[in-house]
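Q: Could you walk me through the fold of this one, strand by strand, and then the packing?

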Amino acid sequence: MNYFTNKKLKATGYFKPYTKNGQWEEYSLKTTGCGVYLIKYRDKVIYVGMSRKDVRNTLYRHFQQWTDRRADYTKKMQAYERVTYNGKNREDFLIKVIFCKGAIEAEILEQLLIKKLKPKDNSLKLYLYSQDEYNKMTIKLEEAEGWKSNFEENPF
């Protein structure tokens, strides 16, 4: 089954999660949709996540108190990590978002990046996927708009 489109991915550069608007903080990311996000803390990617529908709201949950409202039986069946950076200095974080065309593409890209970067806060998500899916997403990732191609100097 082919889960990939022929369209290029769109990616942001790294940006601070919040901007000041007078005395209030606002979300820096204005666009949303299906996608994958990387959270950097002091120049190291520490978390990779994805959203099937609303990447903006999903990534900003990591900077707020995260209340897990799933039922107890669901929590036991799903290996989710509820990672939050609430209370840490938001100025120390940078975010990058890669918009995807569909949920399956986003899931595979998330897996690829977790496998490649091994972020410390993704310990439960280091699972395998097919080599063919890995190869296709690697090619798409390199072609993504806004992507830095020199992996050694600036991996993301």
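A: Starting at one end, strand E1 (residues 10–11) runs antiparallel to E6 and is joined to it by two bridges, with Ile98 of E6 as the bridge partner of Ala11. Strands here are DSSP runs labelled E of at least two residues, helices are H or I runs of at least four, both numbered from the N terminus, and two strands pair if DSSP finds at least two bridges between them.

Q: Before I go on, what kind of model is it, and what was counted?
A: It is a predicted model, in which local features need pLDDT of at least 70 and side-chain atom pairs count only at pLDDT 80 or more, while totals for chains, interfaces and linings use all residues. Residues are numbered from 1 along each chain as its sequence is written, and side-chain values use heavy atoms, with hydrogens and water left out.

Q: How many bridges join E4 to E6?
A: Seven bridges join strand E4 (residues 35–41) to E6, and the two run antiparallel; Lys96 in E6 is the bridge partner of Leu38.

Q: And what about E4 with E5?
A: E4 and E5 also pair in the antiparallel sense, over seven bridges, and Val36 has Met50 in E5 as its bridge partner. Their hairpin has two residues between the strands, and Arg42 takes a positive phi near 50 degrees there.

Q: So what order do the strands take in the sheet, and which are the edges?
A: The four strands form an open antiparallel sheet in the order E1-E6-E4-E5, with E1 and E5 as the edge strands, each pairing on one side only. Helix H3 (residues 103–117) packs on this sheet, touching E4, E5 and E6, and its direction makes about 165 degrees with that of E5 (angles run from 0 to 180 degrees between N-to-C directions, with axes fitted to C-alpha atoms, for helices over the stretch in contact; contact means heavy atoms within 4.5 Å).

Q: Why is E6 described as largely enclosed?
A: Six of the seven residues of E6 (residues 93–99) are buried, so the strand is largely enclosed by the rest of the structure; buried means under 20% relative accessible area, with a 1.4 Å probe and protein chains only.

Q: Switching to the core, which residues touch the most other members?
A: In the largest nonpolar core, of 18 residues, they are Ile39, Tyr85 and Val97; such a core is a set of buried Ala, Val, Leu, Ile, Met, Phe, Trp, Tyr and Cys residues joined through side-chain atoms within 4.5 Å. E6 gives the largest share of this core, four residues.

Technical notes. Buried < 20%, exposed > 50% of the residue type's maximum accessible area, 1.4 Å probe, protein only.
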